[in-house]
Amino acid sequence: MSGRVVVYGGRGALGSAIVTKFKESGWWVANVDMKISEGADENILVEGETWVQQEESVTRSVGTALGGEKIDVIICMAGGWAGGSPASKDFVKNSDLMWRASVWPASISASLAARHLKEGGMVVLPGAAPAVGGTPGMAGYGMAKAAVHQLTKSLACQGSGLPDNCLAAALLPVTLDTPMNRKWMAKADQTTWTPLEFVSSLLLQWAVGEDRPESGSLVKLVTEGGNTSLVCT
(Lines give C-alpha, C1' and ligand atoms only; values in the text may rest on other atoms or scores of the structure.)
Protein backbone atom coordinates (compact mmCIF):
# COMPACT_ATOMS: atom_id res chain seq x y z
CA MET A 1 0.00 0.00 0.00
CA SER A 2 1.43 3.37 -1.05
CA GLY A 3 -0.20 5.52 1.63
CA ARG A 4 -3.44 6.55 3.31
CA VAL A 5 -5.66 9.45 2.26
CA VAL A 6 -8.94 10.90 3.49
CA VAL A 7 -10.99 12.62 0.76
CA TYR A 8 -13.67 14.93 2.18
CA GLY A 9 -16.25 15.28 -0.56
CA GLY A 10 -15.27 12.10 -2.36
CA ARG A 11 -18.59 11.71 -4.15
CA GLY A 12 -18.52 14.98 -6.09
CA ALA A 13 -17.15 15.09 -9.62
CA LEU A 14 -13.66 16.17 -8.55
CA GLY A 15 -13.71 14.11 -5.36
CA SER A 16 -14.61 10.97 -7.32
CA ALA A 17 -11.72 11.57 -9.71
CA ILE A 18 -9.36 11.94 -6.74
CA VAL A 19 -10.63 8.75 -5.09
CA THR A 20 -10.11 6.86 -8.37
CA LYS A 21 -6.63 8.28 -8.97
CA PHE A 22 -5.32 7.40 -5.52
CA LYS A 23 -6.92 3.93 -5.55
CA GLU A 24 -5.35 3.18 -8.94
CA SER A 25 -2.00 4.16 -7.42
CA GLY A 26 -2.34 1.68 -4.56
CA TRP A 27 -3.46 4.02 -1.77
CA TRP A 28 -5.94 3.24 1.01
CA VAL A 29 -8.74 5.78 0.56
CA ALA A 30 -11.45 6.93 2.97
CA ASN A 31 -14.36 8.97 1.63
CA VAL A 32 -16.13 11.50 3.86
CA ASP A 33 -19.40 12.60 2.29
CA MET A 34 -23.17 12.54 2.49
CA LYS A 35 -23.10 9.60 0.06
CA ILE A 36 -21.12 6.40 -0.27
CA SER A 37 -18.29 6.07 -2.77
CA GLU A 38 -18.10 2.57 -4.20
CA GLY A 39 -14.42 3.08 -5.01
CA ALA A 40 -13.29 3.95 -1.49
CA ASP A 41 -11.95 1.48 1.07
CA GLU A 42 -13.86 3.21 3.85
CA ASN A 43 -16.95 5.43 3.80
CA ILE A 44 -17.68 7.92 6.55
CA LEU A 45 -21.10 9.50 6.22
CA VAL A 46 -21.43 13.07 7.46
CA GLU A 47 -24.19 13.31 10.07
CA GLY A 48 -25.60 16.21 12.06
CA GLU A 49 -27.47 19.45 11.44
CA THR A 50 -24.95 21.80 13.02
CA TRP A 51 -21.28 22.52 12.46
CA VAL A 52 -20.36 21.04 15.85
CA GLN A 53 -22.49 17.93 15.32
CA GLN A 54 -20.87 17.25 11.96
CA GLU A 55 -17.39 17.80 13.40
CA GLU A 56 -18.07 15.40 16.27
CA SER A 57 -19.54 12.76 13.96
CA VAL A 58 -16.74 12.91 11.39
CA THR A 59 -13.97 13.11 13.99
CA ARG A 60 -15.28 10.07 15.82
CA SER A 61 -15.73 8.00 12.65
CA VAL A 62 -12.35 8.92 11.16
CA GLY A 63 -10.65 8.07 14.45
CA THR A 64 -12.32 4.66 14.45
CA ALA A 65 -11.40 4.00 10.82
CA LEU A 66 -7.75 4.90 11.37
CA GLY A 67 -7.46 2.80 14.52
CA GLY A 68 -4.82 5.04 16.05
CA GLU A 69 -2.62 5.11 12.95
CA LYS A 70 -1.49 8.34 11.34
CA ILE A 71 -2.43 9.34 7.80
CA ASP A 72 -0.43 10.78 4.92
CA VAL A 73 -2.91 13.08 3.20
CA ILE A 74 -6.22 14.86 3.80
CA ILE A 75 -7.90 16.40 0.77
CA CYS A 76 -11.10 18.43 1.10
CA MET A 77 -12.92 19.14 -2.14
CA ALA A 78 -16.41 19.60 -0.68
CA GLY A 79 -18.21 22.72 -1.83
CA GLY A 80 -20.99 24.22 -3.85
CA TRP A 81 -22.05 27.42 -5.58
CA ALA A 82 -24.77 30.01 -5.10
CA GLY A 83 -24.98 33.50 -6.57
CA GLY A 84 -26.43 36.76 -5.36
CA SER A 85 -25.19 40.22 -4.41
CA PRO A 86 -25.71 41.75 -0.96
CA ALA A 87 -28.78 43.43 -2.46
CA SER A 88 -30.38 40.06 -3.21
CA LYS A 89 -33.24 38.92 -1.01
CA ASP A 90 -31.46 35.54 -0.80
CA PHE A 91 -28.06 36.96 0.11
CA VAL A 92 -27.97 35.75 3.72
CA LYS A 93 -29.70 32.47 2.85
CA ASN A 94 -27.17 31.73 0.12
CA SER A 95 -24.27 32.88 2.29
CA ASP A 96 -25.37 30.41 4.94
CA LEU A 97 -25.48 27.64 2.31
CA MET A 98 -21.99 28.50 1.13
CA TRP A 99 -20.62 28.57 4.67
CA ARG A 100 -22.05 25.09 5.25
CA ALA A 101 -20.80 23.80 1.91
CA SER A 102 -17.23 25.15 2.08
CA VAL A 103 -16.21 26.41 5.51
CA TRP A 104 -17.67 23.58 7.57
CA PRO A 105 -15.90 20.78 5.63
CA ALA A 106 -12.65 22.76 5.34
CA SER A 107 -12.51 23.49 9.05
CA ILE A 108 -13.31 19.88 9.96
CA SER A 109 -10.58 18.75 7.55
CA ALA A 110 -8.12 21.15 9.19
CA SER A 111 -8.98 19.70 12.59
CA LEU A 112 -8.50 16.17 11.28
CA ALA A 113 -5.13 17.17 9.84
CA ALA A 114 -3.94 18.47 13.20
CA ARG A 115 -5.06 15.24 14.87
CA HIS A 116 -4.04 12.59 12.38
CA LEU A 117 -1.44 13.73 9.81
CA LYS A 118 2.02 12.23 9.80
CA GLU A 119 5.07 14.45 9.90
CA GLY A 120 5.60 15.59 6.31
CA GLY A 121 1.94 15.00 5.44
CA MET A 122 -0.39 17.15 3.37
CA VAL A 123 -3.75 18.86 3.72
CA VAL A 124 -5.39 20.54 0.72
CA LEU A 125 -8.50 22.71 0.96
CA PRO A 126 -11.00 23.96 -1.65
CA GLY A 127 -10.39 27.57 -2.61
CA ALA A 128 -11.58 29.52 -5.63
CA ALA A 129 -9.71 31.88 -7.95
CA PRO A 130 -12.42 34.59 -8.09
CA ALA A 131 -12.41 34.89 -4.28
CA VAL A 132 -8.99 36.53 -4.17
CA GLY A 133 -10.84 39.69 -5.22
CA GLY A 134 -14.36 41.05 -5.03
CA THR A 135 -17.24 38.79 -6.06
CA PRO A 136 -20.29 41.10 -5.99
CA GLY A 137 -22.52 38.79 -8.02
CA MET A 138 -21.78 35.83 -5.76
CA ALA A 139 -20.89 37.54 -2.51
CA GLY A 140 -21.71 34.67 -0.19
CA TYR A 141 -19.64 32.25 -2.25
CA GLY A 142 -16.67 34.61 -2.34
CA MET A 143 -16.90 35.25 1.39
CA ALA A 144 -16.86 31.52 2.19
CA LYS A 145 -13.97 30.77 -0.14
CA ALA A 146 -11.98 33.71 1.24
CA ALA A 147 -12.39 32.16 4.68
CA VAL A 148 -10.95 28.90 3.35
CA HIS A 149 -8.00 30.83 1.92
CA GLN A 150 -7.35 32.40 5.31
CA LEU A 151 -7.56 29.01 7.03
CA THR A 152 -4.97 27.65 4.60
CA LYS A 153 -2.56 30.46 5.48
CA SER A 154 -3.15 29.86 9.19
CA LEU A 155 -2.46 26.13 8.87
CA ALA A 156 0.95 26.90 7.42
CA CYS A 157 1.94 28.99 10.45
CA GLN A 158 3.83 27.73 13.47
CA GLY A 159 1.37 26.92 16.21
CA SER A 160 -1.38 25.66 13.91
CA GLY A 161 -1.10 22.14 15.30
CA LEU A 162 0.12 20.50 12.10
CA PRO A 163 3.14 18.20 12.43
CA ASP A 164 6.52 19.34 11.16
CA ASN A 165 7.17 19.66 7.43
CA CYS A 166 3.54 19.36 6.41
CA LEU A 167 2.09 21.03 3.34
CA ALA A 168 -1.08 23.09 3.72
CA ALA A 169 -2.40 24.42 0.42
CA ALA A 170 -5.61 25.49 -1.26
CA LEU A 171 -6.53 24.76 -4.86
CA LEU A 172 -8.05 27.75 -6.67
CA PRO A 173 -9.65 26.62 -9.92
CA VAL A 174 -11.41 29.04 -12.25
CA THR A 175 -13.71 26.51 -13.93
CA LEU A 176 -13.44 22.73 -13.67
CA ASP A 177 -14.40 20.47 -16.54
CA THR A 178 -17.26 18.62 -14.84
CA PRO A 179 -20.43 17.06 -16.25
CA MET A 180 -22.59 19.71 -14.56
CA ASN A 181 -20.55 22.57 -15.98
CA ARG A 182 -20.77 21.01 -19.44
CA LYS A 183 -24.54 20.76 -19.02
CA TRP A 184 -25.16 24.30 -17.79
CA MET A 185 -22.41 26.13 -19.67
CA ALA A 186 -22.43 24.21 -22.94
CA LYS A 187 -21.60 27.30 -25.04
CA ALA A 188 -18.66 28.44 -22.90
CA ASP A 189 -15.04 28.21 -24.02
CA GLN A 190 -14.17 24.83 -22.59
CA THR A 191 -10.49 25.16 -23.54
CA THR A 192 -10.19 27.32 -20.40
CA TRP A 193 -11.65 24.64 -18.15
CA THR A 194 -9.28 22.58 -16.00
CA PRO A 195 -9.58 18.79 -16.50
CA LEU A 196 -10.27 16.68 -13.42
CA GLU A 197 -7.47 14.33 -14.48
CA PHE A 198 -4.99 17.21 -14.22
CA VAL A 199 -6.15 18.07 -10.69
CA SER A 200 -6.15 14.50 -9.40
CA SER A 201 -2.70 13.84 -10.89
CA LEU A 202 -1.35 17.06 -9.37
CA LEU A 203 -2.59 16.07 -5.91
CA LEU A 204 -1.05 12.61 -6.19
CA GLN A 205 2.24 14.21 -7.23
CA TRP A 206 2.22 16.43 -4.15
CA ALA A 207 1.15 13.51 -1.97
CA VAL A 208 4.34 11.61 -2.81
CA GLY A 209 6.45 14.72 -2.17
CA GLU A 210 7.11 15.84 -5.75
CA ASP A 211 7.20 19.53 -6.72
CA ARG A 212 5.20 20.66 -3.72
CA PRO A 213 4.47 24.38 -3.43
CA GLU A 214 5.40 26.34 -0.33
CA SER A 215 3.11 25.60 2.58
CA GLY A 216 0.33 28.16 2.82
CA SER A 217 0.14 28.56 -0.94
CA LEU A 218 -3.06 29.45 -2.72
CA VAL A 219 -2.55 27.58 -5.99
CA LYS A 220 -4.51 29.04 -8.88
CA LEU A 221 -5.17 26.69 -11.79
CA VAL A 222 -4.95 28.63 -15.05
CA THR A 223 -6.05 26.75 -18.17
CA GLU A 224 -5.63 28.25 -21.61
CA GLY A 225 -5.97 26.39 -24.89
CA GLY A 226 -6.31 23.14 -22.97
CA ASN A 227 -3.01 23.60 -21.11
CA THR A 228 -2.95 24.22 -17.36
CA SER A 229 -0.35 26.12 -15.36
CA LEU A 230 -0.05 26.89 -11.66
CA VAL A 231 0.14 30.35 -10.09
CA CYS A 232 1.01 30.28 -6.40
CA THR A 233 0.43 33.13 -3.96
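Is asparagine 165 buried or exposed? I found asparagine 165 exposed, with a relative accessible area of 62%; the classes are buried under 20%, exposed over 50% and partly exposed in between, with a 1.4 Å probe and protein chains only.

I note that this is a predicted model, in which local features need pLDDT of at least 70, side-chain atom pairs count only at pLDDT 80 or more, and totals for chains, interfaces and linings use all residues. Residues are numbered from 1 along each chain as its sequence is written, and side-chain values use heavy atoms, with hydrogens and water left out.

**Positive phi**

I looked up the backbone of asparagine 165 and found a positive phi of about 65°, although this residue is not a glycine. Asparagine 165 sits in the loop between helix 4 (139-155) and strand 6 (167-173); helices (H or I, at least four residues) and strands (E, at least two) are DSSP runs numbered from the N terminus.

I then checked aspartate 211, a residue other than glycine, whose phi is positive and near 50°. Aspartate 211 lies in the loop between helix 6 and strand 9 (217-224) and is exposed, with a relative accessible area of 63%.

**Helix 1**

I listed the buried residues of helix 1 as Leu14, Gly15, Ala17, Ile18, Val19, Lys21 and Phe22. The elements against which these buried residues pack include strand 1 (4-8), strand 4 (71-76) and helix 6 (196-207), where contact means heavy atoms within 4.5 Å.
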